[in-house]
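Morning, everyone. Please look at the screen, and I will walk you through one model.

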Amino acid sequence: MSVSETAEKIKSMEIRGAGRIARAAAEALRDHALSLRTGDLPVFSVEMEKAADTLVATRPTAVSLPNAVHIVMTGLEQAKDTEDARSGLVRRAEGFIRSSRSAVENIARFGARHIRDGDTILTHCNSEVALGCIIEAHRSGKDIEVFATEVRPRNQGHITIRTLNDAGIKTNFIVDSAVRSFIHDIDLVIVGADAVTVNGAVVNKIGTAQVAHTAKEARVNVIVAAETYKFAPRTVIGDLIRIEERSPDEVLPAAIAKTLPNVTVRNPAFDVTPAEYIDLIVTEAGAIPPQMAYVIIREYLGWGIEEFQKSLDLNHHPEG
Ligand code: RI2
């Protein structure tokens with residue numbers, strides 16, 4: 001698929017879910033590299049940078065997207081010629097896609113071990129990794145039941161209940177505001193993540209913070225299933241995760257909004273759950289308490305503070 005087609009599909013959420021958009025971006029970069037006809041390395045590099053920027057600009061919150069693009073693009077400047085640049089890029093893109101898929105499988109295996117026979121699990125939104133854990137627990141013979149929220153305004157809960165239904169898992173479908181009413185029936189909350197910051201806060205679908213807060217108050221454990229490429233390196237130097245605010249039409253039809261001139265519809269797509277509401281983050285590198293997020297950023301993503309020193313001139317001490 002072309003870069004512009006992929007970018008459009010990510011923007012419109014035809015391709016959605018933090019892991020899926022990361023893999024789609026890697027695929028688009030690979031296909032773009034293969035389709036560029038130029039033999040001129042600087043031209044090739046500029047074209048690839050433009051494609052990378054287009055993809056990263058599609059959705060601002062899921063850090064898996066810039067991380068995937070970074071992984072695929074790193075090394076381009078060391079290429080000897082266009083063929084070297086192209087083959088390196090294709091290799092890195094395919095490597096990322098492969099390792100992303102295997103991360104999802106490994107997290108499912110690790111996460112499933114936190115689910116006990118007889119557990120009732122609550123999930124919010126549609127996370128392939130969170131669902132992977134639930135489905136793996138069911139496959140391994142555990143008798144489980146799920147509560148899945150609707151997920152206003154885009155109704156990703158509909159995708160979740162279809163997946164759970166098709167896996168043969170007993171599922172209850174509830175509106176987002178019913179979480180408090182059922183929390184005492186729940187043994188464990190499992191959600192995905194769009195970004196994990198250096199202080200262990202988890203950015204995920206709007207409503208996740210309320211779910212986690214409710215769970216904490218009811219002493220129900222909250223597990224986040226997140227691949228290491230969802231950890232946000234730039235939060236180490238103080239960057240904040242931008243919360244995407246989508247069109248008001250997703251919440252209230254424009255025809256109605258037009259009749260309400262004093263009403264402003266706000267539609268943030270994500271919220272931030274503080275680390276203290278989260279018991280464990282399950283990654284493909286193992287489960288960690290949220291407070292250990294920096295270790296993942298440094299050891300598994302390989303982004304230490306040195307990565308930023310040049311660009312930010314953090315070591316710059318003016319002389320005289
Ligand atoms: P996986 C989704 O965002 C949800 O917030 C979900 O929890 C998260 O990405 C992670 O998804 P959206 O694209 O990578 O629906 O676990 O806005 O599938």
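I start with a term. Buried means under 20% relative accessible area, exposed means over 50%, and partly exposed is in between, with a 1.4 Å probe and protein chains only. This is a predicted model, where local features need pLDDT of at least 70, side-chain atom pairs count only at pLDDT 80 or more, and totals for chains, interfaces and linings use all residues. Residues are numbered from 1 along each chain as its sequence is written, and side-chain values use heavy atoms, with hydrogens and water left out.

First stop, Arg30. Is Arg30 buried or exposed? Arg30 counts as buried, because its relative accessibility is 18%. Arg30 sits in helix α2, residues 18–35. Helices here are DSSP runs of H or I with at least four residues, strands are runs of E with at least two, and both are numbered from the N terminus.

Which residues does Arg30 touch, leaving aside neighbours within four places in sequence? They are Val90, Ala93, Glu94 and Ile97. Contact means heavy atoms within 4.5 Å. With Glu94 there is also a polar contact, side chain to side chain, at 3.4 Å. A polar contact is a pair of N or O atoms within 3.5 Å; within protein, one must be able to donate a hydrogen and the other to accept it, and residues adjacent in sequence count only if both atoms are side-chain atoms.

A salt bridge is a side-chain nitrogen of Lys or Arg within 4 Å of a carboxyl oxygen of Asp or Glu. Side chains of opposite charge can pair when their charged atoms come close. Asp31 counts as partly exposed, because its relative accessibility is 22%.

How many salt bridges are there by this rule? The count comes to 20. Take Lys50 and Glu47. Their closest N and O atoms are 3.2 Å apart. The two are 3 residues apart in helix α3, so about one helical turn separates them. Lys50 is partly exposed, at 48% relative accessible area. Glu47 is partly exposed as well, at 25%.

Another pair is Asp84 and Lys80, at 3.9 Å, N to O. Asp84 is partly exposed, with 27% relative accessible area. Lys80 counts as exposed, because its relative accessibility is 70%. Some salt bridges share partners, and these join Arg59, Arg154, Glu244, Arg246 and Glu250 into one network.

Now helix α4, residues 64–73. Why is α4 largely enclosed by the rest of the structure? Because 7 of its 10 residues are buried. Those are Ser64, Leu65, Asn67, Ala68, Val69, Val72 and Met73. They pack against α2, α3 (41–56) and α5 (82–112). Just after α4 comes Gly75, which takes a positive phi of about 110°.

On to the ligand. Which of the 18 residues around the ligand come nearest? Arg16, Ser127, Asp194, Asn204 and Lys205 do. A residue is near a molecule or strand if one of its heavy atoms lies within 4 Å of it. A polar side-chain atom of Asp194 is 2.7 Å from a ligand oxygen. A backbone N or O atom of Glu128 lies 2.8 Å from a ligand oxygen. For Ala18, a polar backbone atom is 3.1 Å from a ligand oxygen. Taken alone the ligand exposes 450 Å², and the protein buries 100% of that. Accessible areas come from the Shrake-Rupley method with a 1.4 Å probe; for residues, only the protein chains shown count as cover.

Last stop, Thr228. Where is Thr228 placed? Thr228 is in the loop between β7 (221–225) and α10. Thr228 is buried, at 7% relative accessible area. Its side chain makes a polar contact with the side chain of Glu284, at 2.5 Å. Beyond neighbours within four places in sequence, Thr228 is in contact with Thr283, Glu284, Ala285, Ile296, Tyr300 and Leu301.
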